[in-house]
Amino acid sequence: MNSNTKFNILRTGLSISIALLISFGIIFLTSKEPVNAIVQLLTGPLQSQRRFGNVIEAMIPLIFTGVGVSIMFAANEINLAGEGAFHLGGLVATYFALNTTLAAGISPIMTILIAGIAGAIVTLIPAILKIKTESDVLVSSLMMNYLVLYFANYILSNILRDPKAGAVVSFAVPSVTQLSTIMPGTRIHIGLFLALIVAILGYIFMFKTKIGYELRITGENRQFARYSGINVVKITLISQLLGGFIFGVGGGVELLGMYNRFTWTSLLGYGWDAIIITTLAKKNPIHVPFAAFFLAYLRTGASIMARSTDVATELVTITQGLIILLVVAEQFLSKYKHKMIAKEAKATLGEKEGE
Amino acid sequence: MSQIVLQMNNIMKIYPNGVVAVEDVTFELEKGEIHALLGENGAGKSTLMKVLFGIESPENGEIILEGTKVDIKSPLEAIKKGIGMVHQHFMLVPSLTVAENIVLGVEPKKNSLFTDEEKAIELSKEIAEKYNFEIDVREKVEELPVGLKQKVEILKALYRGADILILDEPTAVLTPQETKELFIQLKKLKEKGHTIIFISHKLDEIKEICDRATIMRNGKGMGTYQVKDISTAEMSKLMVGRDVVMEFDKKPVQLKETVMRVRDLCVTGTTGIRRIDGLSFDLKAGEILGIAGVEGNGQGHLVEVLTGLSDKYQGEISIFGKNAKEYSIRELRDSGMAHIPEDRMTLGCAKDMNILDNMFTNQYHKPEFSGRVLLKNKKLEEKAKELIKEYLVKCKSYKQNVGMLSGGNIQKVVVAREFSTDPKIIIANQPTRGIDVGAASFIRQRIIEFRDAGCAIILISADLNEVLELSDRLAVIYKGKFSGVFSNVKNIEEVELGKYMLGIKRDDNLEGIIYEQ
């Protein structure tokens with residue numbers, strides 16, 4: 001491990017610690033039972049199997065979206081349509097499951113694939129718009145999310161809505177299509193394996209394949225990639241397509257695993273969570289499950305804390321914000337890093353003279 | 001009699017990438033002298049001066065200015081203390097006038113809010129006259145030739161009250177004529193009591209104009225000498241650490257088939273100005289065609305269209321007998337084109353990726369290195385190790401990020417990548433700019449080896465020594481046109497070449513640039 005990797009681990013670790021300490025400070029200032037709140041936040045998820053199950057359940061969609069956005073951002077395109085891709089993935093999965101009758105094993109697989117394709121279309125549109133019209137991906141992808149949301153709302157209330165249900169929800173997805181639970185006493189479903197496989201495949205794609213290599217070069221230095229003979233337009237499109245596909249699959253899996261009806265009438269925020277995850281994972285898909293676990297744990301802890309004490313869940317939003325702020329702040333600890341490098345360099349100088 | 005104005009004691013500077021640029025250097029300046037700071041590229045001269053000018057903060061060491069210890073944290077503080085610096089790459093706003101550039105940041109104010117332009121022009125004129133600089137202060141900077149731009153930079157520093165003037169390789173971009181003029185100006189400044197630090201690696205220039213010289217090698221000080229007491233041979237030995245062999249062993253040229261044919265090439269820039277204006281030439285396998293010229297006379301545009309980076313041109317380019325527009329960049333490269341770009345950081349590498357990743361961007365897709373989907377990582381690793389050894393890249397391993405290497409070593413990575421594909425045409429744009437003598441001579445040696453092996457090479461360089469030494473034919477480019485062509489490179493005089501570069505002289509009959517109609 002070189003000093004750079006060491007430094008990155010140290011910096012991320014320290015960022016998290018500082019953010020937690022500040023959050024504890026806020027708890028102490030605002031809560032009547034601060035110690036209990038902190039204990040609940042940190043150990044709450046470990047207190048029962050069901051609670052730990054909640055952590056894993058929350059982690060599954062975060063892995064999909066984290067990997068998806070890592071691949072999209074690797075092309076140095078800030079495409080935020082992942083949110084919409086996830087949403088549409090859920091909608092299309094519901095629609096497909098309700099309108100087809102496939103065999104037990106095949107039904108969920110087909111449903112998830114179709115959801116993925118729907119997601120891919122959502123993230124591809126801003127990328128194509130950029131190539132054709134030079135519109136800013138950041139803006140068009142954000143708008144894309146609203147387009148998807150209101151489209152989904154329309155479909156839900158006009159086509160999929162179950163009139164017998166009390167709320168605006170779709171008909172229930174047939175049980176053959178639902179993903180089976182793998183751990184009794186929890187809602188952890190088979191999607192967990194799928195998520196982990198996606199993270200591993202994402203890693204292989206980025207670091208072992210030709211296209212992954214082209215993608216990383218394009219993202220790091222587009223001009224250099226073009227000069228080298230890489231088709232940067234094609235590569236960018238592939239990465240947006242693939243990222244959106246994974247988001248869509250994530251939406252489908254989440255719907256089939258955790259909901260049995262389409263109930264999403266507002267955006268769920270997975271697009272934003274994905275950015276937190278990929279920042280912590282430094283765009284490396286293999287690190288995504290760890291980052292996803294961390295975030296899921298923190299949130300589950302927060303909701304336990306909110307239920308059992310007087311501190312609100314929103315506290316964790318502050319913690320998240322602080323972590324991201326510190327992790328992305330390039331200059332944070334830069335003096336220390338410079339000292340470390342200078343010391344190392346001086347040591348090598350000493351070695352040379354000692355020869 | 002001499003009074004010490006500045007002392008820099010035991011300065012050490014380590015860059016964020018771990019490169020020790022300056023190890024333990026002591027530097028002393030006497031009032032009213034022209035003091036040479038001499039060393040190879042990468043010896044640490046510029047870094048030492050950046051420390052003085054407040055751009056870099058040193059790890060160790062102290063700076064004593066006029067007897068008091070000072071801590072210079074920013075260029076602004078340096079300017080306040082009477083230190084001015086003229087950078088190698090000019091820091092001017094091209095779209096503003098000379099006067100506006102001179103007063104930039106310290107403008108005279110009207111009603112304490114608006115810039116008083118009349119006053120600015122007046123003040124600029126005043127300072128130009130005081131130092132006998134002939135320049136029209138109303139002219140826009142972008143319209144000035146390089147020599148005048150440099151004068152604007154010097155005036156800028158003088159306007160801000162610089163007593164100590166640092167000139168970072170001022171002659172690197174100048175023609176011999178412009179250099180002469182600069183030297184006259186510098187002597188005048190000296191008479192007026194200014195102290196000048198003259199950074200250079202050109203020994204004859206130092207002999208001509210400097211009083212004392214401090215020599216640096218590999219970030220270390222090699223002593224300060226009276227210039228009149230030391231020979232150029234001694235200086236060069238101190239600077240390089242060995243006797244430099246500048247002569248290359250070149251076999252007589254053996255021309256083979258024509259690989260590139262260019263006729264009436266025109267490129268129009270974004271502002272509507274013709275950047276390339278009717279160029280025609282042939283290139284044969286087995287020769288080095290040198291293209292000399294002051295930077296910005298169309299070289300960049302020429303390289304762009306020849307390497308396929310741009311297809312916005314009129315005229316005809318045929319490569320290996322096929323119209324250049326029919327090639328994609330990948331196809332052009334696969335058929336044997338290699339390109340050493342002018343700016344290695346923007347076009348030549350991805351600095352946050354490792355050496356291995358940077359070495360195969362032009363050939364990872366070949367069956368040797370990958371299957372249909374996966375890369376053959378073992379093969380890549382082996383080849384990377386081999387190339388690092390062959391091209392003498394100084395690094396910890398192929399996993400080190402390219403941005404952590406020194407300029408010379410980054411260039412070696414670029415050259416290793418471009419040369420390892422067994423190229424048939426090499427387009428080398430400033431292949432040795434800003435790198436140390438060792439790396440430069442290694443790269444030049446390689447270029448000659450490729451030529452001897454039957455490769456066709458276009459060498460574009462602002463370094464006259466380089467083009468004169470390597471070229472079999474030499475063309476001078478001025479404002480997008482060839483102003484002269486020399487088939488017998490050995491007999492060219494540098495001053496003569498300078499005239500062509502400045503456009504003072506131009507031949508209408510460009511005999512020898514085209515082989516057959």
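This is a predicted model: local features need pLDDT of at least 70, side-chain atom pairs count only at pLDDT 80 or more; totals for chains, interfaces and linings use all residues.
Residues are numbered from 1 along each chain as its sequence is written, and chains are lettered from A in the order in which they are written.

**Entry 1, helix α6 of chain A.** I looked up which residues of α6(A), residues 137-160, are buried, and found V137(A), S140(A), S141(A), M144(A), N145(A), V148(A), L149(A), A152(A) and L156(A). Buried here asks for 20 or more other C-beta atoms within 10 Å of the residue's own, and the helices are DSSP runs of H or I with at least four residues, numbered from the N terminus. These buried residues pack against α4 (82-99), α5 (106-133) and α11 (270-280) of chain A. As background I noted that an α-helix has 3.6 residues a turn, so residues three or four places apart point the same way.

The axes of α12(A), residues 288-308, and α13(A), residues 315-328, come within 9 Å and cross at roughly 155°, the axes being lines fitted to C-alpha atoms over the stretch in contact, with angles from 0 to 180 degrees between N-to-C directions. The two helices are therefore roughly antiparallel, a term kept for angles over 145 degrees. From α12(A) the contact uses L298(A), R299(A) and A302(A), and from α13(A) it uses L315(A), V316(A) and T319(A).

I read domain 1 as 1-31 + 311-355 and domain 2 as 59-309 of chain A, with bounds from an automatic or database domain assignment. Their C-alpha centres lie 30 Å apart, and the contact takes 13 residues from domain 1 and 11 residues from domain 2 of chain A. On the side of domain 1, α13(A) gives the largest share, 7 residues.

I found 21 residues of chain A in contact with 26 residues of chain B. On the chain A side, α8 (210-220), α9 (222-228) and α14 (334-354) each supply at least two residues, and the largest share, 6 residues, comes from α14(A).

**Entry 5, the domains of chain B.** Chain B is divided into domain 1 (4-240), domain 2 (245-336 + 422-517) and domain 3 (353-421). The C-alpha centres of domain 1 and domain 3 of chain B are separated by 38 Å, and 4 residues of domain 1 are in contact with 5 residues of domain 3.

Conventions: Angles under 35 degrees count as roughly parallel, over 145 as roughly antiparallel, 65 to 115 as roughly perpendicular and the rest as oblique. Two residues are in contact if their C-beta atoms, placed from the backbone, lie within 7 Å. A residue is buried if 20 or more other C-beta atoms lie within 10 Å of its own, exposed if 12 or fewer, and partly exposed in between; C-beta atoms are placed from the backbone.
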